Amino acid sequence: MAKTHQEIVDYYNATESDYRLFLAGEAGGLHFGFWPRGVWTLPKAILRENEELARRAKIVTSDFVLDAGCGIGGSSHYLAREIGCRTVGITLVPHQAEEARRRARKQRISKRCQFLVGDYLRTPFAASTFDVVWGIESVCYALNKLDFFREAFRVLKPGGRLIIADALTPRPTRTLIEDFMVRTWVGCWGVEQVDSVSHFLASARRAGFENVVAEDVTDLIVPTVQRQFALSIPGVPTSILLEMVGLRNRLQTWNAVGAFTGYVSLLRGDWGYYIVTASKPA
């Protein structure tokens with residue numbers, strides 16, 4: 001389970017080919033995506049999630065957005081391309097930042113998109129720099145969620161907005177089996193722990209945010225979890241065999257195991273997927 005920045009970087013370096021093959025696609029996202037009626041492919045689902053979060057955060061052309069944990073930049077690209085706002089993406093993983101820059105150049109939006117290698121818990125930005133802080137499936141990597149919320153609060157302008165989409169657990173305490181299932185799932189994907197909804201929101205409020213709200217949108221991400229599960233059934237034994245002959249690595253095998261355990265844990269109700277919104281007092 002990832003406990004240090006280097007372990008997170010190592011995880012994404014080791015599993016890069018898996019994400020490129022199964023998740024990133026034309027949308028440039030490493031996310032579950034949203035599957036409302038009429039969405040039939042994962043790239044479209046990822047774009048739909050970007051669209052929905054941008055709508056909820058009320059992002060406009062004049063906004064400056066921090067994409068905290070940007071991956072290969074798909075959300076930043078979407079915001080710059082479709083809305084025309086300025087974005088800065090920050091990631092711990094150097095090859096992700098370079099890929100994000102390459103995709104921005106290809107889409108001719110480099111003037112509105114900047115990508116940095118760094119820690120979103122300790123950013124180089126001055127206080128009150130951004131109108132929006134955006135995090136899709138990235139805040140889960142913060143060992144102490146309060147640290148994330150405090151830094152987001154610091155860099156936001158008065159009246160600035162925060163929007164997060166991530167996995168959380170519905171209950172503040174978990175049984176031993178619930179804790180085992182969740183830790184097994186996210187541990188395979190380089191995450192130390194999943195926070196509960198109540199603790200997550202309490203951390204945001206403690207950092208100073210107001211209008212803190214979480215909405216359960218688990219139904220919108222189920223098709224991706226099912227897809228990952230279906231791929232994991234042949235994928236886990238195949239990955240084990242390929243690892244034995246040196247064609248895959250241990251983290252890739254655990255990545256496949258995570259696709260299996262994530263679905264089982266979701267069916268049990270051990271976790272859900274939430275949109276969290278908040279604002280900094282004006």
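Is Arg108 buried or exposed? Arg108 counts as exposed because its relative accessibility is 78%, where exposed means over 50% relative accessible area, buried under 20%, and partly exposed in between (1.4 Å probe, protein chains only). The place of this residue is in the loop between helix 5 (94-106) and strand 3 (113-117), with helices (H or I, at least four residues) and strands (E, at least two) taken as DSSP runs and numbered from the N terminus.

The model is predicted, so local features need pLDDT of at least 70 and side-chain atom pairs count only at pLDDT 80 or more, whereas totals for chains, interfaces and linings use all residues. Residues are numbered from 1 along each chain as its sequence is written, and side-chain values use heavy atoms, with hydrogens and water left out.

**Backbone and loops**

The phi angle of Arg108 is near 60°, which is a positive value in a residue other than glycine. Asn211, whose place is in strand 6, likewise has a positive phi, near 55°, and is a residue other than glycine; Asn211 counts as exposed, because its relative accessibility is 55%. Another loop, the one between strand 1 (64-68) and helix 4 (74-83), holds Gly69. When residues up to four places away in sequence are not counted, Gly69 touches Ile90, Tyr120 and Ser138, contact being defined as heavy atoms within 4.5 Å. Gly69 and Ile46 are 23 residues apart along the chain, and their C-alpha atoms are separated by 16 Å.

**Helix 9 and helix 10**

Helix 9 (residues 222-244) packs with helix 10 (residues 250-267) at an angle of about 145°, and the two axes are 7 Å apart. Here the axes are lines fitted to C-alpha atoms, for helices over the stretch in contact, and angles run from 0 to 180 degrees between N-to-C directions. The crossing of helix 9 and helix 10 is left-handed, a term used if the near helix is turned anticlockwise from the far one by less than a right angle, with right-handed used if it is turned clockwise. Among the residues that make the contact are Val222, Val225, Gln228 and Phe229 of helix 9, and Ala256, Ala259, Phe260 and Leu266 of helix 10.

Gln228, found in helix 9, counts as buried because its relative accessibility is 10%. Gln228 and Ala259 are 31 residues apart in sequence, while their C-alpha atoms are 5.2 Å apart in space. Leu266, which has its place in helix 10, also counts as buried, at 12% relative accessibility. Leaving aside neighbours within four places in sequence, Leu266 is in contact with Thr218, Val222, Val225 and Trp271. The C-alpha atoms of Leu266 and Tyr120 are separated by 28 Å, and these two residues are 146 residues apart along the chain.

A nonpolar patch on the surface is formed by Ile240, Leu241, Met244, Val245 and Leu247, which together have about 560 Å² of accessible area. Patches are made of residues with over 30% relative accessible area and no salt bridge, with like charges joined within 9 Å and nonpolar side chains (Val, Leu, Ile, Met, Phe, Trp, Tyr) within 5 Å; the accessible areas come from the Shrake-Rupley method with a 1.4 Å probe, and for residues only the protein chains shown count as cover. Leu241, found in helix 9, counts as exposed because its relative accessibility is 55%.

**Salt bridges**

Side chains of opposite charge can pair when their charged atoms come close. With a salt bridge defined as a side-chain nitrogen of Lys or Arg within 4 Å of a carboxyl oxygen of Asp or Glu, the count comes to 20 salt bridges. The table gives examples.

| Salt bridge | Closest N to O distance |
|---|---|
| Arg56 and Glu215 | 2.4 Å |
| Asp179 and Arg174 | 3.0 Å |

Salt bridges that share partners join Arg48, Glu52, Arg55, Arg56 and Glu215 into one network. Arg56 forms a salt bridge with Glu215; Arg56 lies in helix 3 (residues 42-56) and Glu215 in strand 6 (residues 210-216), so the pair ties together parts that are 159 residues apart in sequence. Arg56 is partly exposed, at 27% relative accessibility, and Glu215 is partly exposed, with a relative accessible area of 35%. In the pair of Glu98 and Arg105, Glu98 counts as partly exposed at 40%, and Arg105 is partly exposed at 48%.
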